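Look at the model first, then read on.

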Amino acid sequence: MSSLAGAVWPELPERPLLLVPLGAVEQHGHHLPLATDTTVACAVAEAAVDDLPAALLAPPLAYGASGEHEEFPGTVSIGTEALAGLLVEYGRSACRWAGRLLVVNGHGGNLDALRAAVPLLRSEGRDVAWFPCAVAGADPHAGRTETALMLHVEPGSVRLERAVAGETAPLDEVLPRLREEGVRAVSPTGVLGDPDGASAEEGAALLDGLAARLAGAVARWDVDPGGRLRG
């Protein structure tokens with residue numbers, strides 16, 4: 001794996017693509033660790049980096065905007081404004097030597113910061129984009145999808161015997177209340193979905209799909225107005 005953290009500067013490829021996993025520290029129900037979003041973002045970037053020419057994997061940005069989870073102990077949120085500022089300054093610095101920068105995002109609460117920071121960086125002439133670790137049809141939080149991914153990527157951290165279902169209504173139905181009152185008001189378990197049935201095999205297939213989609217999106221490098229890499 002091509003790792004920025006393990007490299008020395010004379011070994012770096014010229015104008016590389018820098019992959020930056022972005023996650024969060026927030027509750028993931030009774031059974032998944034607080035670092036789940038960061039772990040998933042790292043796994044997706046790691047699975048793709050060696051298939052991308054002149055690509056480097058950066059150390060993760062492990063804190064994000066998780067205010068909707070702050071009623072649960074363990075959650076640490078730096079908020080949208082601080083995260084956006086961090087991303088801007090990170091991009092300005094890294095793009096002094098990196099040809100392209102791709103933020104691999106593992107947490108939906110980071111989207112507002114990404115949509116503010118990345119277009120600004122692009123308007124300044126820096127080739128920056130972001131990619132979501134999103135699975136079509138997935139439950140929103142700590143349900144079957146994330147549980148399956150974690151069973152594959154970091155099985156020792158999953159307390160499957162403690163897993164309980166949460167609110168299973170579609171996200172668009174609960175989103176207004178979630179934004180107004182937070183996750184705990186919608187789901188006392190902290191789960192939005194149902195982890196029942198998750199398996200490591202399913203997680204492996206999900207990770208392969210995400211990594212392949214990331215690699216294909218990088219090959220096309222088609223960036224929408226919000227800075228998202230299409231694909």
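Helices here are DSSP runs of H or I with at least four residues, and strands are E runs of at least two, numbered from the N terminus. The model is predicted.

**A helix residue**

Ala-48 sits in helix H1. Is Ala-48 buried or exposed? Buried means under 20% relative accessible area. Ala-48 has 1% relative accessibility, so Ala-48 counts as buried. Beyond its neighbours within four places in sequence, Ala-48 contacts Ala-211 and Leu-214. Ala-215 lies 167 residues away from Ala-48 in sequence. In space, the C-alpha atoms of Ala-48 and Ala-215 are 6.1 Å apart.

Helix H1 covers residues 36–49 and belongs to a right-handed β-α-β unit with S1 and S2. Strand S1 spans residues 17–22 and is mostly covered, with six of its six residues buried. In a regular strand, side chains alternate between the two faces of the sheet. Both faces of S1 are covered. Leu-17, Leu-19 and Pro-21 are buried on one side. Leu-18, Val-20 and Leu-22 are buried on the other.

Which strands does S1 pair with, and how many bridges join them? The table lists them.

| Partner of S1 | Bridges | Direction |
|---|---|---|
| S2 (residues 55–57) | Three bridges | parallel |
| S3 (residues 100–105) | Six bridges | parallel |

Leu-22 has Asn-105 as its bridge partner in S3.

Notes. Residues numbered from 1 in each chain as written. Predicted model: local features only at pLDDT ≥ 70, side-chain atom pairs only at ≥ 80, totals over all residues. Heavy atoms only, no water. Buried < 20%, exposed > 50% of the residue type's maximum accessible area, 1.4 Å probe, protein only. Pairing = 2+ DSSP bridges. Right-handed = clockwise from strand over helix to strand, strands pointing away. Contact = heavy atoms within 4.5 Å.
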